[in-house]
Amino acid sequence: MAVAPNLSPYRAFLAELTAASGPIVRKYFFSQELAVEHKSDQTPVTEADRGAEAAMRKLINERFPKHGIVAEEYGNEQAGAEWTWVLDPIDGTKSFIHGVPLFGTLIGLLYQGQPVLGAIHQPILNLLCVGDGKVTTLNDQPVRVRETRAMAEATLLTTSQGDDILQIHPPEARQRLLKAAGIVRTWGDCFGYLLVATGRADVMGDGVAHNAWDVLPLVPIIRGAGGVITDWSGGEVGDQKSCIAASPRLHRAALDLLLT
């Protein structure tokens with residue numbers, strides 16, 4: 001059996017990363033002077049995205065120069081390293097630029113390619129959710145997914161119900177899932193996964209999840225809270241085009257609806 005890595009130094013380092021990135025994000029939130037650009041894939045990017053990522057990269061390079069970095073705005077460094085940080089400075093930029101606090105900074109740590117530590121930092125609401133696959137905390141207090149028994153009683157969240165999902169998944173599968181839930185809301189991006197991990201909602205499903213930094217930091221958080229996180233076919237998340245997280249009971253129910 002493989003020896004589990006010592007995560008203690010990196011847990012403490014998460015606080016430094018959020019202390020560096022948080023003030024930059026707060027500076028630009030709800031600002032009338034926020035400049036928004038669009039990348040080649042037409043996704044928006046701001047000074048806050050770039051500044052927060054640059055601050056975190058600087059700290060990682062100074063403290064752990066042998067570690068890799070996989071990140072959204074400035075590309076990869078030593079991506080095959082034994083330890084690799086996965087960064088999304090603002091997951092939910094569309095919410096951010098509209099002054100809606102349903103976004104967060106995603107920070108993940110991979111060991112030998114596997115996600116072992118993850119954090120969702122919401123700097124406007126001062127929320128920090130951290131998981132290591134065994135335990136998840138919100139502001140240092142343990143949290144768990146809630147044990148809602150049936151999908152008809154569940155609050156289901158999704159980032160988007162747009163046409164981009166229909167290019168990948170059959171519309172019938174999505175509709176079965178949406179119709180089965182008790183409440184459906186688009187409280188999405190990483191904030192939706194935070195709500196599931198902390199027992200505020202039941203299921204979070206993204207039909208489109210393009211990049212490693214969108215999903216890998218979430219894996220230790222959901223698992224540490226007692227939940228299950230996979231793609232829509234039940235496989236491991238990663239470069240697949242989907243992600244769904246819930247308690248074990250509701251995750252199975254959601255997959256049954258999607259795969260029927």
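**Core packing and an enclosed cavity**

Leaving aside neighbours within four places in sequence, Cys-129 is in contact with Gly-118, Ala-119, Ile-120, Thr-136, Thr-137, Leu-138, Leu-194, Ala-197, Thr-198 and Ile-221. The model is a predicted one, and Cys-129 is listed, together with Ile-120, Tyr-193, Leu-218, Ile-222, Ile-229 and Cys-243, among the residues with the most contacts inside the largest nonpolar core, which has 29 residues.

**Nonpolar cores**
- Another core, of 21 residues, lies apart from the largest one and includes Met-56, Ile-60, Tyr-111 and Leu-117.

**Cavity**
- The structure holds 1 cavity of 30 Å³ or more, and about 80 Å³ of space lies in the largest cavity.
- Of the 11 residues that line the largest cavity, Thr-158, Arg-174, Leu-178, Gly-205 and Trp-232 lie nearest its centre.
- Two or more lining residues are given by each of the elements β11 (155-157) and α5 (171-180), and the largest share of the lining, 3 residues, comes from α5.
- Sorted by class, the lining of the largest cavity comprises 6 nonpolar, 4 polar and 1 charged residues.

**Ser-95**
- Ser-95 is found in helix α3, which covers residues 93-97, and it counts as buried because its relative accessibility is 17%, where buried means under 20%.
- Apart from neighbours within four places in sequence, Ser-95 is in contact with Val-100, Leu-102 and Asp-189.

Definitions and conventions:
Residues are numbered from 1 along each chain as its sequence is written. This is a predicted model: local features need pLDDT of at least 70, side-chain atom pairs count only at pLDDT 80 or more; totals for chains, interfaces and linings use all residues. Side-chain values use heavy atoms; hydrogens and water are left out. On a 1 Å grid over the protein atoms alone, a cavity is a set of points where a 1.4 Å probe fits but cannot get out, and a pocket is an open set with protein on both sides within 12 Å along at least five of seven lines; lining residues have an atom within 4 Å of a point. Grid points are joined across faces, edges and corners, and a volume is the space filled by probe spheres set on the points. Helices (H or I, at least four residues) and strands (E, at least two) are DSSP runs, numbered from the N terminus. Ala, Val, Leu, Ile, Met, Phe, Trp, Tyr, Cys and Pro count as nonpolar, Asp, Glu, Lys and Arg as charged, and the others, Gly among them, as polar. Buried means under 20% relative accessible area, exposed over 50%, partly exposed in between (1.4 Å probe, protein chains only). Contact means heavy atoms within 4.5 Å. A nonpolar core is a set of buried Ala, Val, Leu, Ile, Met, Phe, Trp, Tyr and Cys residues joined through side-chain atoms within 4.5 Å.
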